[in-house]
Amino acid sequence: MAKDEDVARLNSEWNKVNREKLSLYHEKKKHDIPLEDNSEFRSIKNVIVRSAALAMRIMDAEPTQNYDVG
């Protein structure tokens, strides 16, 4: 996910804003946090993993009924 251009751009922007915020409290400049190590996004990553697992179960499930939509 971190290799996606849009996600990488958004993570870069988040790091920029985070550096600005931290500069209010610390003189020392902090390094960028890689997306996979960023605890701020843990809940989002968990939702993505749960959604992917659910999608895999749905795709593997056999249909229980056939519906005629005609």
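Biologist: Let's start with asparagine 15: in which helix is it found?

Modeller: Asparagine 15 is in helix H1, which covers residues 5-23. Keep in mind that this is a predicted model.

Biologist: What makes asparagine 15 count as buried?

Modeller: Its relative accessible area is 3%. Buried means under 20%, so asparagine 15 gets the label.

Biologist: And which residues does asparagine 15 touch, leaving out those up to four places away in sequence?

Modeller: Asp32 and Ile33. With Ile33 there's a polar side to it too: the backbone nitrogen of isoleucine 33 is 2.9 Å from a polar atom of the asparagine 15 side chain. The distance cut-off for a polar contact is 3.5 Å, and 2.9 Å falls within it.

Biologist: Where is asparagine 38, and why is it called buried?

Modeller: Asparagine 38 sits in the loop between H1 and H2. Its relative accessibility is 2%, and the label needs a value under 20%, so asparagine 38 is buried. Not counting residues up to four places away in sequence, asparagine 38 touches Asn11, Trp14, Ile33 and Lys45.

Biologist: How do you know whether tryptophan 14 is buried or partly exposed?

Modeller: By its 23% relative accessible area. Buried stops under 20% and exposed starts over 50%, so tryptophan 14 is partly exposed.

Biologist: How many aromatic pairs are there?

Modeller: One. Tryptophan 14 and phenylalanine 41 make that pair, with 5.5 Å from centre to centre and 65 degrees between the planes. Centres have to lie within 6.5 Å, and planes over 60 degrees apart count as edge-to-face, so this pair is edge-to-face.

Biologist: What does the pair of tryptophan 14 and phenylalanine 41 tie together?

Modeller: Parts that are 27 residues apart in sequence, because tryptophan 14 lies in helix H1 while phenylalanine 41 lies in the loop between H1 and H2.

Biologist: Over to isoleucine 44: what makes it partly exposed?

Modeller: Isoleucine 44, in helix H2 (residues 42-60), has a relative accessible area of 44%. That value lies between the 20% and 50% limits, so partly exposed it is.

Biologist: Which residues form a nonpolar patch on the surface?

Modeller: Met1, Ile44 and Ile48, with about 280 Å² of accessible area together. A patch member needs over 30% relative accessible area, and isoleucine 44 has 44%.

Biologist: And what about the whole chain: how many of its residues count as buried?

Modeller: Of its 70 residues, 9%. The chain exposes about 6,800 Å², with 55% of that from carbon and sulfur atoms, and its secondary structure is two helices and zero strands.

Terms used
Residues numbered from 1 in each chain as written. Predicted model: local features only at pLDDT ≥ 70, side-chain atom pairs only at ≥ 80, totals over all residues. Heavy atoms only, no water. Patch = residues over 30% accessible without salt bridge, like charges linked within 9 Å, V, L, I, M, F, W, Y side chains within 5 Å. Areas by Shrake-Rupley, 256 points an atom, 1.4 Å probe, with all protein chains shown as cover. Salt bridge = Lys/Arg side-chain N within 4 Å of Asp/Glu carboxyl O. Helix = DSSP H or I, 4+ residues; strand = E, 2+ residues; numbered from the N terminus. Buried < 20%, exposed > 50% of the residue type's maximum accessible area, 1.4 Å probe, protein only. Polar contact = N/O pair within 3.5 Å; in protein donor to acceptor, adjacent residues only side chain to side chain. Contact = heavy atoms within 4.5 Å. Phe/Tyr/Trp six-rings, centres within 6.5 Å; stacked < 30°, edge-to-face > 60°.
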